[in-house]
Amino acid sequence: MEKIRRASHAGSWYTDNPNKLSEELDGWIRAAGLPKSSDVRGVIAPHAGYSYSGRAAAYAFGNIDPTNITRVFLLGPSHHYYTPKCALSTATVYKTPIGDLPIDLEVIEELKATGKFELMNLRVDEAEHSMEMHLPYLSKVFEGHPVKIIPILVGALSAENEAMYGKLLAKYVDDPHNFFSVSSDFCHWGSRFNYMYYDKKYGAIHKSIEALDKMGMDIIETGDADAFKQYLSEYDNTICGRHPISVFLHMLSNSSTKIKIKFLRYEQSSQCKSTRDSSVSYASAAAKVDA
């Protein structure tokens, strides 16, 4: 029986007008001007409203060559629902204004059978925006290519569980028909986020934020999950997708395919100059087979 997850953030976080949405996405992908490569097997991309991060996200999704891909695993953080585990969707289809994405029920059953996942109900699923914000881009990029999705809500995992899920999902990396879309924004800075780390040696506050984010991005590019963990415990940078990113790093280090992450774009929602300001950072990366 069909169980639909509605595009619950359409009309607020992004337009629900199919023509307008399609035009926007095409425009951003065109502006990014990236060559499509079948070696790109995953992305890290932001999940803010499209007026904030739609342009930056194109630098991740614009790399994708859809030709050989039949499955997309979505890894997104949980903003409202607490779980120390990963949770699977109970829907059978995710709707977007520009085309629906069916869920790969076979893989969901396979993951369920491990006993390591919990299930999220439709209310939790529709309240969460972190994976939904990737869907219109995926729908656009895979237009005309039959693709199924496996949405995985990544909870507040311990370091041990990040490694455990990474090992468990690593086998899917070795199948070149599988693709991975990892959802994360970067630094949330300002009193409203309870995070105001500032290293004056960089000058303006926004420069300090950029240096902090880039330090984290450099570590992610090395693929070292432990070093990323160390960085987070030292600076406590408010990277909301820290758990999905960590699971992805463990997946890559446990797979036999050599894949390297490279960041292609970095933006901030505004440039903080005083402690009254606030901003969110957006970074886009492609994970590419390293020949």
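Axes are lines fitted to C-alpha atoms, for helices over the stretch in contact, and the angles between their N-to-C directions run from 0 to 180 degrees. Helices (H or I, at least four residues) and strands (E, at least two) are DSSP runs numbered from the N terminus. The model is predicted, so local features need pLDDT of at least 70 and side-chain atom pairs count only at pLDDT 80 or more, while totals for chains, interfaces and linings use all residues. Residues are numbered from 1 along each chain as its sequence is written, and side-chain values use heavy atoms, with hydrogens and water left out.

The axes of helix 6 and helix 9 (residues 242–254) come within 7 Å and cross at roughly 55 degrees. The two helices are therefore oblique to each other; angles under 35 degrees count as roughly parallel, over 145 as roughly antiparallel, 65 to 115 as roughly perpendicular and the rest as oblique. The crossing of helix 6 with helix 9 is right-handed, a term for a near helix turned clockwise from the far one by less than a right angle, anticlockwise being left-handed. Contact (heavy atoms within 4.5 Å) involves residues of helix 6 including Y165, L169 and V173, and residues of helix 9 including H243, V247 and M251. The contact residues divide into eight nonpolar, five polar and three charged. Here Ala, Val, Leu, Ile, Met, Phe, Trp, Tyr, Cys and Pro count as nonpolar, Asp, Glu, Lys and Arg as charged, and the others, Gly among them, as polar.

Helix 6 (residues 159–173) also meets helix 3 (residues 105–112), their axes coming within 12 Å and crossing at roughly 150 degrees. This angle makes helix 3 roughly antiparallel to helix 6. The crossing of helix 3 and helix 6 is right-handed. V107, E110 and L111 of helix 3 make the contact with L168, L169, K171 and Y172 of helix 6. Five of these residues are nonpolar, none polar and two charged.

Y172 is also a contact of N178, together with R41, R71 and F73, when residues up to four places away in sequence are not counted. A polar atom of the N178 side chain lies 2.9 Å from the backbone oxygen of Y172. N178 lies in strand 9 (residues 178–183) and counts as buried (under 20% relative accessible area, 1.4 Å probe, protein chains only), because its relative accessibility is 1%.

K273 is placed in the loop between strand 11 (259–268) and strand 12 (279–289). With 60% relative accessibility, K273 counts as exposed, the term for values over 50%, with partly exposed in between. Leaving aside neighbours within four places in sequence, K273 is in contact with I205 and H206.

Conventions:
A polar contact is a pair of N or O atoms within 3.5 Å; within protein, one must be able to donate a hydrogen and the other to accept it, and residues adjacent in sequence count only if both atoms are side-chain atoms.
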